[in-house]
Amino acid sequence: MVTDMNKGSVNRNAMVAIIIVILCSVGVQAIPDNTTTLCVITDRQCYCTGESVQIAVSGIPLNDTGINLTVISPDDAHYRAIPNQPDEYLFTGTSITGIYRVVAESTSGQGNHTEFEVREGTAGADNISLTTEKKRYAPGETVRIYFNAPLGMNTTLSVTGPENTSYTIPPKESNEYTFTSNFTGRYKATVILAGDSSAEKEPETEFYISAPEIKVIANKPVQNGITVGKPVRWDQQVTLHNCGDTQIMDYSPDIPLPDKYSNLSSASPDTRISAGALLIDLLPNEDRIINISYETPAVELEVTEETVDISQLIPTDAFDIGIYSEIGVEDKPRITARKVTVKHNTSVHYTNIPVTIDATENATVIEQTCGTEGEEIEVELKENNVSWVVPQLSERTYLVLEDMPVPRQKKAIIGEPVEWELNCPGTKITYLTPAPYREETPPVTENGVWKKEVTIISSASVHYHNVTAYTPVGERDNITRLYLVENNTRTDVTDNPAYSVHFSDGVTSSTNTLQWIVPCLSNRTFEINRGIPRINVQSHPVIGGNWTVAFTTNGMADLRITACNCTTWDNCTEDGDLKFLEVRKGNNPSESYKWQNSTVLIKNFTSTITNYELSKVLTTGKHTLLFTFGNDSCCTCNNASENLTVTSISFEYTGDESQLVETGDIKEDAVITVNATVKNNGVANITRSFNVSFFDGEAGNWSQWFANDTMTDLDAGETKSATVSWTSVVGTHDISVWVDPDNNAVNSTYTNSSSLDVSAWQEYNGDISGNIILADPSGNKMLSWNWGSTNTGNIYAAKHGATINWTALVPLGRDATGSQSTGNDFTNADIALNLIPDIHNATGFVNNNITQLFSTDGINPRNTTTFTLYDGRTVENIPIINSTGLTNHVSAENAQYRTGIVWDISDDTGDGEYTGSEDLVFVTNIRTVHDYTLVLPCALNTTVEGELDFYVDLK
């Protein structure tokens, strides 16, 4: 095998083709699975000198190749345990007494440890001990007690609990006992040794059972849809917090479930149902949200037929009842009805229960209250069925009446009893119900508005409709309004025909009253409002040559708008300063007006929303309008001037597509066209010249200025583009534009900015081919080696002029010995290459430096693989990225093209760690298609279009 290293210098921005071939094989190591927890235990806790110790290891990661097991004696001597069988080890060096430490470490770096004690004596009773798996348990939790002694020893376990309660557990051969108790307190377990025993005392241990401190927050249960005759399903969310430092097993939270619930279930992990109770395991200090479901008994309908005395349809508060029957007709006629009882058998109230029964199309449903007929309810009649919804259920009773006579209300006026008439075959019934009445608050005047509240009330058991209401207001006018007040919301009903609001004479001819109709009455509150005419005006900026004035009014009055303070205007021509366009209410069509002596006049103007006046601005300078509403008036003005704005910024690049990105928006050293759109929002044309200034940073910071474009002749409302060129530099750049800096301040009106991300990375790719010729000085060929396409070998890149020791390369993130580094290798590399914040702005966006691409936190690599380097070493754990998809971190080790990063330990300053002063080398495998693809940070050589050194490994 012939081994050679060929070196070439490559321009940083050039496409690279290296004509050479290397033959080697490349191995790939999978990322270690570090998700398993390593566990190490001994068969006992106490041994006699000379006894063997059995050690078991579990939880070994699947990809680990072995376990290092070290036993450290009391005198700090280190021993290797002897493998006995898979995952089990034997240690025999128990020659001195004291505490021994067992340390297990996997090849992936996981570790754990345990301890055991060696005492003087020989194997036997002196080595007997009693332990529990932990010292604190919850009530009902299983306590496991381990008896360390030779198997088969005849023993009995005695447990003494609080207040000297005693429990005896019979002998067992397994030397493991279980115990449970619901009583809290201190417990002591003692082994009673049977027969001869050399133990000085019977072994014992203590443990505690204490009520766990667990907070349980149960949200309000949510009822699912209800179908009569089927169980009702409920969903509920429960939050639990274990406030203690002890793991709780099989905990049953106290959730207030309704009586007679069934089918309790939970889809949350680590929950289970036992004997109808929810059980859950909680780690120390764990917060857990679980979702449970259960069912409660079904809603049942009970339907019976009853004969109803027609007089029972009369309200209980009726009076002056008159029954008029034809001769031969019984005094109290009767009708047949169906009684429907809706009920359930549980402690919770159901809501929104749909009920459907057979009925004719003219059926009426009345809800019974306390055994008497109550009020009629709304129902839906469809296809010989009557349906309604019960809003809330404990137990409800309804009467379904078919072909039932309907009571007819006559005229209703506040302060007068209401007359009703009920007609059925052969009988007419008349009666009166209590009068509706009025309650009102004393009138007040607030902010120039006279108002009072009036409540129309009915104490009757039936609802009235179309009730005539009235209240004195003192005088007639055209600005009084009536508002319906519901849920703290006022609705103007003055112009609603259903309320028929109008003035009428009151009880005396000298009193004026406001009268209206209450369409449907239980209790209704109204506000009577009579405002003094007011106007509020707000001027809006001139936009596109039009001036908008927003104004609001209170009450009704004549509205006048006129120009003043030397401002001239007209509604037809453009000879003055302004041309009047329109007045409108909100987004409604324009209001009708009269043009009277250069004044806009709108008679009896009233509005409850924001109104707008629009004028076209014809001249620069200050303009003033006077608004008069009734006797209230105010002025508003504008100052029409030049108004230049930068509306948008865009970037264009029309060069070679190779300048497009690995990361960000564009590569470095690309010529970008920057376009800024400038608009004249003023009312006057601009005929002078002005500059548009461009900055790589904050507008107005002239140290960051890079170009000007000059504009001339920009008409009012016109838009033009200012265009300059800029050469890209690595990092995030806020390109700012300031229009007319000689005459405008630096503020949001005259400036704008847009961000551009420039990549710090350059991709190199090419083909590997060529010949090697071995000849004597005379040119006689001894060997001619022709290379075609190949998929073996490595390409290396380093900064120009670096001296690399090819036998001293180790992965970045590892120290000189190959162990995990304790330093911030990836961050140090960024510092060395000026790729940290505030230096070339390289980290202005994500995935633009070594730390973000190669590592998770500046210390640990994100993805790694194995390379066979120049000296034949197979080097593991080399950090890599996907060369053709830098930000694709999923299975980068399986990508076709990968870029790895190593450092030269021969440059080490003595601490064995990469500090940034040592040389970095980037490496990639030779593949098919292009033979190689390698990505490098531009800052590897800080000179744009500077040189890098590329090496090809030939074997």
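**Note on aromatic contacts, a helix and a sheet**

1. Ring pairs join Tyr47, Tyr79, Phe91, Tyr100 and Phe116 into a cluster. The model is a predicted one, and the structure holds 33 aromatic pairs in total.

2. One of these pairs is formed by phenylalanine 694 and phenylalanine 706, whose ring centres are 6.3 Å apart. Their planes meet at 50°, which lies between the limits of 30 and 60 degrees, so the pair is classed as tilted. The pair links distant parts of the chain, with phenylalanine 694 in strand E61 (residues 686-696) and phenylalanine 706 in strand E62 (residues 705-714), 12 residues apart.

3. Phenylalanine 706 also takes part in a tilted pair with tryptophan 726, at 6.3 Å centre to centre and 45° between the planes. Here too distant parts of the chain are linked: phenylalanine 706 lies in strand E62 and tryptophan 726 in strand E63 (residues 719-727), 20 residues apart.

4. Are the residues of these pairs buried or exposed? Phenylalanine 694 has 0% relative accessibility and therefore counts as buried. Tryptophan 726, at 7%, is likewise buried. Phenylalanine 706 has a relative accessible area of 22%; because buried means under 20%, this residue is classed as partly exposed.

5. Two charged side chains sit over aromatic rings. The charged end of arginine 490 is placed over the ring of tyrosine 483, 4.0 Å from the ring centre. The charged end of lysine 585 is placed over the ring of phenylalanine 605, at 5.1 Å from its centre.

6. In helix H1 (residues 825-832), the buried residues are Asp825, Phe826, Asn828, Ala829 and Asp830. Against which elements do the buried residues of H1 pack? Their partners are helix H2 (850-854), strand E72 (874-882) and strand E74 (920-925). Asparagine 834 follows H1 and has a positive phi, near 60°.

7. An open sheet of 3 strands runs in the order E30-E34-E33, and its pairing is antiparallel. Strand E30 (350-358) and strand E33 (380-382) are the edge strands, each pairing on one side only. On average, neighbouring strands of this sheet are turned by 25° against each other, direction ignored.

8. Within that sheet, E30 and strand E34 (residues 385-393) pair in the antiparallel sense over 8 bridges. Threonine 351 stands opposite glutamine 392 in E34.

Terms used: Residues are numbered from 1 along each chain as its sequence is written. This is a predicted model: local features need pLDDT of at least 70, side-chain atom pairs count only at pLDDT 80 or more; totals for chains, interfaces and linings use all residues. Side-chain values use heavy atoms; hydrogens and water are left out. Rings of Phe, Tyr and Trp (its six-membered ring) pair if their centres lie within 6.5 Å; planes under 30 degrees apart count as stacked, over 60 as edge-to-face and the rest as tilted. Helices (H or I, at least four residues) and strands (E, at least two) are DSSP runs, numbered from the N terminus. Buried means under 20% relative accessible area, exposed over 50%, partly exposed in between (1.4 Å probe, protein chains only). A charge sits over a ring if NZ of Lys or CZ of Arg is within 6 Å of the ring centre and within 35 degrees of the ring normal. Contact means heavy atoms within 4.5 Å. Two strands pair if DSSP finds at least two bridges between them. Axes are lines fitted to C-alpha atoms, for helices over the stretch in contact, and angles run from 0 to 180 degrees between N-to-C directions.
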